[in-house]
Amino acid sequence: MPVPEPRSAAAPRRAALLTLGCARNEVDSEELAGRLEGSGWELVDADDKADVIVVNTCGFVEQAKKDSIDTLLAASDVAKNGGAKVVAVGCLAERYGAELAANLPEADAVLGFDAYPDLAERLSDVIGGHAPAPHVPVDRRTLLPISPVARPSAAVDVEIPGHAWVPNLARRRLSDGPVANLKLASGCDRRCAFCAIPSFRGSFVSRPPDDVVAEAAWLGMQGVRELVLVSENSTSYGKDLPGGTQALVRLLPRLTHVPGIDRIRVSYLQPAEMRPDLVDVIASTPGIAPYFDLSFQHASPAVLRRMRRFGSRKDFLDLCARIRERAPEAGIRSNVIVGFPGETEEDVAELEAFLTGARLDAVGVFGYSDEDGTEAAGYDGKIDADEIAARVERITSLVEELMTQRAEDRVGTEVTVLVETAEDEDFECTGRADHQAPEVDGECVVERGSGLEVGDMVRAVVVGTEGADLVVSPRELVARSELVGASRGSG
């Protein structure tokens, strides 16, 4: 192995961070980056003479685990060329710990969530050849409900004339785009039969509202124009705080007054917990995107009961109707699982009937697979893998057709687009409207010659479609004062 070039005593350690998985993991990485920088480390690309490559892994489903392993192996190949160490953190490391270390010698250390507060020291030990013992997993539901990253308090009301006050946050942005994720909470108290997340993310714990507002203000100072509020279950926000679940209804209007922030988007909503007041505040508050990321998972009551979830096709269609009554052009997206143990042809038909009637803007389709430690892994009635794949293909084909139709329904409507990529000779300018979340939904393609820049927010008319994507013609830039005073109804 190559010997790293000697550094002067004053030279900072150099770390590279690679992130897989969900938006919550992306926030964890930015907090880890902030902690490292606060300890005097320099953040670099993996192939830029890093002393250590930290891979923030995902451990949610089988494909995510495979992607994490592949990334660790690729990082090891890069590390060999420069003498760097490779360290696994994140959900896969937390979930499997010593087992992962034993089966993946390419990783020089496997660290769990409890190592995060002292990550700089732990990485220094690894570089010095004194790697800590591999993390030993425990069911985090048996521990105190603590966040994977303990955050310093910034519990103050935000009044920032001229941006004079800056909250003290252990976070460092790893991109310069106009959109950022902001955690509402960590962990989950639900017991869905197919999901292992609570066992390694722990019980649900809300962040104090003042901390959320303070971090939003800090992000506004970094040039962010849209905040995406994330958690394992945002409809549970506040249930462990004074005032209970009314906390989210009170928090959202506060966030619309944070300087620099023009759009707030809420992710990960549970259909069974969508109270009328929460529907109303999301659908009708200027500055809050009328966007509903609803975790339906299925529509057959029998399958939902086996999943340890609630609802039915009628319940879910009624919820969609209530949303569109308040905001006709609201965006609604979801994920569904097919091939769950015991799922019948009648259950699949019930799901098809729901999807056809719901007219969702975006749907993710997943085939069921057993997850270690979950109730469903022990269920009878398992469906053959080939049949699961066939059902995935069948439902995917349906939702692609329905999503295209839903996009076509928006032709002629007005949308407010946040520009995220600028036009050049090879690529068109693209952005997203209120009904489109980053990465998981479609996007807006702006007609060439607009002259728009990244971070611009523009009012536009939908003139065509490309599958689920919209082609839009810009009309005018939108100032924040216009957004705050605008009436709802655009998509």
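Residues count as buried under 20% relative accessible area, as exposed over 50%, and as partly exposed in between (1.4 Å probe, protein chains only). The structure is a predicted model, in which local features need pLDDT of at least 70 and side-chain atom pairs count only at pLDDT 80 or more, while totals for chains, interfaces and linings use all residues. Numbering starts from 1 along each chain as its sequence is written, and side-chain values use heavy atoms, with hydrogens and water left out.

Helices (H or I, at least four residues) and strands (E, at least two) are DSSP runs, numbered from the N terminus. Helix α8 spans residues 246-255, and its buried residues are A247, L248, V249, L251, L252 and L255. Contact means heavy atoms within 4.5 Å. The cover over the buried residues of α8 includes α7 (209-221), β9 (226-230), β10 (263-266) and α9 (276-284).

A nonpolar core is a set of buried Ala, Val, Leu, Ile, Met, Phe, Trp, Tyr and Cys residues joined through side-chain atoms within 4.5 Å. The largest such core holds 73 residues. Within this core, L252, F292 and L355 touch the most other members. Helix α13 (residues 385-409) supplies the largest share of this core, 7 residues. L355 touches L360, V363, I395, L398, V399 and L402, leaving aside residues up to four places away in sequence. A second, separate core has 25 residues, among them W41, A115, Y116 and L123.

Two strands pair if DSSP finds at least two bridges between them. An open sheet is formed by 3 strands in the order β11-β12-β13, with parallel pairing. β11 and β13 stand at the edges with a single partner strand each, so one side of each has no neighbour in the sheet. From one strand to the next, the twist averages 10 degrees. Axes for such angles are lines fitted to C-alpha atoms, for helices over the stretch in contact, and angles run from 0 to 180 degrees between N-to-C directions.

Strand β12 covers residues 331-338. Of its 8 residues, 7 are buried, so β12 is largely enclosed by the rest of the structure. Strand β11 (residues 291-293) runs parallel to β12, and 3 bridges join them. Here D293 stands opposite R333 in β12. On β13 (residues 362-367), the parallel pairing with β12 extends over 6 bridges. V336 has V365 in β13 as its bridge partner, and V338 stands opposite G367 in β13. Between β12 and β13 the chain passes through helix α12 (residues 345-358), in a right-handed β-α-β crossover. Right-handed means that, with the strands pointing away from the viewer, the path from the first strand over the helix to the second runs clockwise.

L317 lies in helix α11 (residues 313-326). Its relative accessibility is 26%, so L317 counts as partly exposed. L317 touches F354, G357 and A358, again leaving aside residues up to four places away in sequence. The C-alpha atoms of L317 and A358 are 5.9 Å apart, although the two residues are 41 apart in sequence.

A disulfide is a pair of cysteine sulfur atoms within 2.5 Å. By this rule the model has 0 disulfides. For C195, the nearest cysteine sulfur belongs to C192, 6.2 Å away. C195 counts as partly exposed, at 21% relative accessibility. For C444, the nearest cysteine sulfur is that of C429, 10 Å away. C444 is buried, at a relative accessible area of 0%.
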